[in-house]
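This report describes a single protein chain with its ligands.

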Amino acid sequence: MTIPAQSDGSAGTATLTEGAARGETLLKVTGLQKHFPIKKGLLQRQVGAVRAVDGIDFEVRSGETLGVVGESGCGKSTMGRLITRLLEPTAGKVEFEGKDITHLGVGGMRPLRRDVQMIFQDPYSSLNPRHTIGTIVSAPFKLQGVEPEGGIKKEVQRLLSVVGLNPEHYNRYPHEFSGGQRQRIGIARALALNPKLVVADEPVSALDVSIQAQVVNLLDDLQQELGLTYVIIAHDLSVVRHVSDRIAVMYLGKIMELADRDLLYKSPMHPYTKALMSAVPIPDPARKAAKSERILLKGDVPSPISPPSGCRFHTRCWKATQICATTEPPLKELRPGQQVACHHPENFEDQAPQDVVLLSDAKEAAELVAEDALAESARTSAAVAAEVEAAETEAAQAEAPEAEGDTEAAGKAAESGKKSTESAKPTPESVKTAPEDGEKSTGSPKKSTGDAESAESTESAEGTESAESADEEPPAKEK
Ligand SMILES: Nc1ncnc2c1ncn2[C@@H]1O[C@H](COP(=O)(O)OP(=O)(O)O)[C@@H](O)[C@H]1O
Ligand code: SF4
Ligand SMILES: [Mg+2]
């Protein structure tokens, strides 16, 4: 359980946690649903609902990264907002560290806002263009009335260094930064609170391929340093495959497959997973040879207002049979560490016999993918892989006794005698970052607490979509 330090405004307030040990369940979701009502007419009568998330079960273990993938419109962002409680669920249960938080009100959520943070997709609209980055990153402290040791400014500058930005740029405005740098600002803001769980909604999809790798790498480094738990949402597998421990594949508001990363890559069992994977060529000659395995799904995801009967994927699945159109397959553990919802799973000897007649639309549902359509995805995949591998090698080499902080920051940390989550905070030097503008980050003093809620979390309150919207038209996207 969390014992949040009370935000009494005193210097040196700490967030003490006796949270879930590594590997234990941090977040548990059961039967989670979000149906957005569709209202019509003068009386605004409800005529239907968008079933954005339609009954999902999963858990997130402390210290892991759960990747969530699926095409656009599958309900990933809605899921992210439900588990961070920026949206009120229609049904189901969300438990954080064993506590039911499904229907907590604003007051009840207050301590949790420090523990669960969200990084948003669009670094162009998620930062208020009228605020300096100092104001943006310090908002969490101000909202919670927390005065970190050494003052807010010092702490914000430290956070900027941690994410690889120049702390001297405290007074600059978001438009003065590139997309990747803005995403770093968003990450700094999310980290201000020393959170346990960070939900990153497509954190790099608005960025250039080369910058994507840097930001993914930064997230990875921060996880090592801070023991963070991540839910990383992405629309394809190119980004999450390198950083996830487990991956959930979503389709039309449901989880189709949830498996350990290696299992999922070695032998995907859900046809939809296979299709998603075939769109992300893996830089591995053995796999590259298997061109016939590449599948392009035709058409868009059907409307979540009236999802297809039976298996929701049956209108696009090349294996669909009659039972697929009538009976919804439950998500079942077909192998240890691999849950699948399919009547005719791939790579599984017990699958139902294929003598049943394929649905005619299923025959038309997929085609082989053209090489050039795969090129960009391949580049992202390779770039992220290279970055992650390089970081891992570096980390392995750096695992020497000299790691004992001789930096000013580490010195201060020792002095302050603060432990647990706090002392786990990285020093700017300890996180290898590569700001894309080539700026060097310089060290700044270590701080005390992370305790406050982000501007988004607080301001958006329950069930609103305002979380990432700035109140002004954001500057044009630079590509
Ligand atoms: N506030 C909302 N009101 C009505 N429909 C919504 C709202 N937010 C999302 N949706 C719908 O829910 C579905 C899932 O959306 P979303 O969670 O954003 O998917 P993803 O992040 O996977 O692209 C989409 O059809 C979307 O249009
Ligand atoms: S084989 Fe049937 S159950 Fe399995 S994904 Fe295809 S349509 Fe769904
Ligand atoms: Mg989304």
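## Nonpolar core

The largest nonpolar core holds 99 residues, of which Val-137, Leu-159, Ala-188, Val-231, Ala-248, Val-249 and Ile-255 touch the most other members. Helix H6 contributes the largest share of this core, eight residues. A nonpolar core is here a set of buried Ala, Val, Leu, Ile, Met, Phe, Trp, Tyr and Cys residues joined through C-beta atoms within 7 Å. A residue is buried if 20 or more other C-beta atoms lie within 10 Å of its own, exposed if 12 or fewer, and partly exposed in between, with C-beta atoms placed from the backbone.

Ile-255 is in contact with Ile-56, Phe-58, Ala-248, Val-249, Met-250 and Leu-331, leaving aside its neighbours within four places in sequence. Two residues are in contact if their C-beta atoms, placed from the backbone, lie within 7 Å.

## Basis and overall composition

The model is predicted: local features need pLDDT of at least 70 and side-chain atom pairs count only at pLDDT 80 or more, whereas totals for chains, interfaces and linings use all residues. Residues are numbered from 1 along each chain as its sequence is written, while chains are lettered from A and ligands numbered from 1 in the order in which they are written.

The chain contains 16 helices and 16 strands; helices (H or I, at least four residues) and strands (E, at least two) are DSSP runs numbered from the N terminus. Of its 479 residues, 49% count as buried. Among contacts between residues at least 6 apart in sequence, 74% join residues at least 24 apart.

Six of the six residues of strand S10 (residues 229-234) are buried, so the strand is largely enclosed by the rest of the structure. Thr-229, Val-231 and Ile-233 point one way from S10, and Tyr-230, Ile-232 and Ala-234 point the other way. In a regular strand the side chains alternate between the two faces of the sheet.

S10 runs parallel to strand S5 (residues 65-69), to which five bridges join it; two strands pair if DSSP finds at least two bridges between them. Ala-234 in S10 is the bridge partner of Val-69. Strand S9 (residues 197-201) also pairs with S10 in the parallel sense, over five bridges, and Asp-201 has Ile-233 as its bridge partner in S10. From S9 the chain crosses through helix H6 (residues 209-226) to S10 in a right-handed β-α-β crossover. Right-handed means that, with the strands pointing away from the viewer, the path from the first strand over the helix to the second runs clockwise.

## Antiparallel sheet

An open sheet of four strands has the order S4-S3-S6-S7, with antiparallel pairing. S4 and strand S7 (99-100) stand at the edges with a single partner strand each, so one side of each lacks a neighbour in the sheet. Five bridges join strand S3 (residues 25-40) to strand S6 (residues 91-96), and Thr-30 stands opposite Lys-93 in S6.

The loop between S4 and S5 includes Ser-62. With 19 C-beta neighbours inside 10 Å, Ser-62 counts as partly exposed.

## Ligand surroundings

Ligand 1 is surrounded by 13 residues, the closest being Phe-36, Ala-52, Lys-76, Ser-77 and Thr-78; a residue is near a molecule or strand if its C-beta atom, placed from the backbone, lies within 6 Å of it. Strand S4 (45-61) and helix H1 (76-83) each supply at least two residues of this shell, and H1 gives the largest share, three residues. By class, the shell has five nonpolar, six polar and two charged residues. Ala, Val, Leu, Ile, Met, Phe, Trp, Tyr, Cys and Pro count as nonpolar, Asp, Glu, Lys and Arg as charged, and the others, Gly among them, as polar.

Ligand 2 has 13 residues around it, and Cys-311, Cys-317, Ala-320, Cys-324 and Cys-342 come nearest. Its shell divides into eight nonpolar, four polar and one charged.
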